Amino acid sequence: MLKNFIWIISVWTPLFIYGQNPLWIPDTLSGTNFNLTVQTGIVQFYAGQNTPTYGVNGNFLAPTLFLNKDDTVTLNVTNNLIFETTMHWHGLHVPPEFDGGPHQIISPGTTWSPTFRIMNNAGTYWYHPHGNGTTELHVTKGLAGIMIIRDPTEAALNLPRKYGVDDFPLILQTRCFDVLYQIAGFTHDDTVMMVNGTIDPTLQVPAQMVRLRVLNGSVDRTYQLGLSNDSTFYQIATDGGLIEQTNPINRLMVSPGERVEIILDLAGLQGQTINLMSYASELPAGIMGSANVSQGAATLPGYNSNPLNGNDFNILELEIVAPTPSPVTSIPAVLTTLNPLLEGTENMSRSFAFAPVMLGDMEMIEGPFTINGESFEMDSINVITYLNHTEIWELTNTTAVAHPFHIHDVQFFILDRNGLPVSAAESGQKDVVLVKPSESVRFITRFEDFHHATIPYMYHCHLLHHEDEGMMGSFIVLDSATLEVQQIMDESFTIFPNPASESINIHIPDGKYILSDLVLSNIQGQQLMVKRINSQTETLDISGLKEGIYFMTIRSSVNCQTKKIIIN
Ligand code: C2O
Ligand code: CU
Ligand code: CU
C-alpha cells in the first residue's frame, strides 16, 4: 500500500498551458577543433525548484556543432562527471576507434580526442553518450547535442540556413520529474514535453520559409508531426541528409534517434500563431507514444495514464512575426541525386530477428529483448563483415512493440516494409528505421573505408531502455586483403594443413585462447561453424564444405585474429 502511495505522489503531471517560455536555442561551435566538457549542472525547469542535470559546456544539453564536409576535425571530450561516460557521433561515418560506442570509455577527469574527416553529406546528426547500460540515464539527464554538416551541394540550394533566424534545431524529448523535481529514469511517466530543454516552448518565426531540424532525442517516444492548421509542410531531409526531391506532406512520423528536416511556408501569416503538434492519436498501436502498447497483461505501469500517449498534443508554439530582410520565399523541388544501392548488387543478406525475453508467459514491453537470440556483451562480436561488402539486412519484429533499429558506421537505403516499397518520407539515406510489430524491413548498405580486426561498431534498438537492457549487437569490418599479412605476422595460433580438405587443426601454443570462440566463416562473412576452444589443439570437420577461400577467426574478449584458409 505504501508503495502505491509513493508511486502516485511521485508523478508530476503538468498543466497543459503552452507557449509560456521562449524556446532555448543551443549555442554553436564551429571550426575544426572542438572542446566539449561533460559536466553536472542545475536547472530550474520549475520556478524555485533545483533539478540536477548533465550538460556539455553548460548545465543542460549541448552546443550545436557546425561541421564542414571533408574537414578533418578533432573533438576533445573532457569528462568532468564522477563516473565513466562515452560520446558517440550518431550517424557519422568514422573509424570504429573514434565512434564513441561502449568500448571507447572516457574515465572521469580525462579527455578523449578522436580525430576524423567528415565524410557524411550535409544534414542533421547528433551526439550523445553510449555507455554500456547507461545511455538512457546520461541522455535523459541532458547529454545530447546536434551536429549540422554543411557541404557544397546543400550550400548551392536556395534553402533557409541562418541558424536561430530561419533555421532552427528542435531536440524533442519527453521527461519524467519526480516529486522532488528530479529527472527520473526507467519510467513511462514521461509526461513533460520539452523542446531543446524548454517546457511549454514558444518561438518567434518570420513569415517566410522556415527550416526546422527535428531530432527525436527521446528515450522511447515516437512523434507524429503535423501543424495545428493542418497545412502542408515540406520534408527535405532524412537521417543522412537531403532526399532527392522535396516531399510535401502534412504528417511525418519521427521515432527515437531519427532526424528530419522540414520547411514551413509561413509567408503571409504574420500575426498568426500555429502549433507544431504530435498527432499521437494517429500512431499505430505498438509504437511507444500510441494509445496502446501492450501484450496480454504486460501493460506498462503508468503507460495508459500518461496524457501524452495516444492523445494529440502541442510540441512547439510558433508565433509568426515580420519577415527578415531577403527572406527565402520558395524552395527547390529537386534537391540532390543519391544513387541508392540496388538490390542485386549485394554480396550477401543477413537476417535479424527481434524477440522478447519472456517473464513466464508475458512479454515485458520495457525489455529485455534479444536480436537473433543474443543479448549484448562487451566481449563478443555478433557479426563479422568485410570491407567493401554490400549487404541487405532483414529486420523482423515478432515482439509486441515497435523498435527503431539503428546501425553505426553506415547510412542505408530502405528496400521495403513487408515487401512493399516505403513512402518518400523514408526514401533517403537512413541510419534508424522503425520496425513495427509483425513487420519485416529490409535495407541495403555498404561497409566502406574503415576496418579494424578487434574494435566493433554497434547496431541496436534506439529505445534507450531496450538498448541498455541488451537489445544491441556488435559488428567488425575486416579487410580481407590484409589477412594474409596478418597470417605471417601472428604466431599466436597455427592452422594445419592449409590448404585442407577433410579436417583442419588449430593449435594454440601458449593456450591463451582457451575458452575463446573459433569461428569459421566464408568469404561472404557468413558464420558456418562456431566452436568453443577447450584445449590447445582443436579439430574441425570441414569435409562438407565446398572448395574455396574461408576465414578462421579466434575471438576472445581482448583479441580477434583472422586467418585465411583454403579448402580443396
Ligand atoms: Cu544514437 Cu548507437 O546510437
Ligand atoms: Cu549511432
Ligand atoms: Cu526496442
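Colleague: Start with His403 and His466. Buried or exposed?
Modeller: His403 is buried. His466 is buried as well. Keep in mind that this is a predicted model.

Colleague: OK. Which protein donors does the copper ion (ligand 3) have?
Modeller: His403 and His466 each give ND1, and Cys461 gives SG. These donors lie 2.0 to 2.1 Å from the copper ion.

Colleague: What spacing do the donors follow along the chain?
Modeller: The spacing is H-x57-C-x4-H. His403 sits in strand S31 (residues 403–407), while His466 is in helix H4 (residues 464–468). The two are 63 residues apart, so the pair links distant parts of the chain.

Colleague: New topic. Why is strand S10 largely enclosed by the rest of the structure?
Modeller: Strand S10 covers residues 123–128. It is largely enclosed because 6 of its 6 residues are buried.

Colleague: Which residues are on which side?
Modeller: Gly123, Tyr125 and Tyr127 are on one side of S10. Thr124, Trp126 and His128 are on the other. Both faces are covered.

Colleague: How many bridges join S10 to strand S11?
Modeller: There are 5, and the two strands run antiparallel. S11 spans residues 145–150. Within that pairing, Thr124 stands opposite Ile148.

Colleague: And strand S7, in what sense does it pair with S10?
Modeller: Antiparallel, over 3 bridges. S7 is residues 88–90.

Colleague: Which residue in S10 is the bridge partner of Trp89?
Modeller: That's Tyr127. Tyr127 is also one of the buried residues of S10.

Definitions and conventions: Residues numbered from 1 in each chain as written. Chains lettered and ligands numbered in written order. Predicted model: local features only at pLDDT ≥ 70, side-chain atom pairs only at ≥ 80, totals over all residues. Heavy atoms only, no water. Donors = N, O, S within 2.8 Å, 3.2 Å for Na, K, Ca; no water. Helix = DSSP H or I, 4+ residues; strand = E, 2+ residues; numbered from the N terminus. Buried < 20%, exposed > 50% of the residue type's maximum accessible area, 1.4 Å probe, protein only. Pairing = 2+ DSSP bridges.
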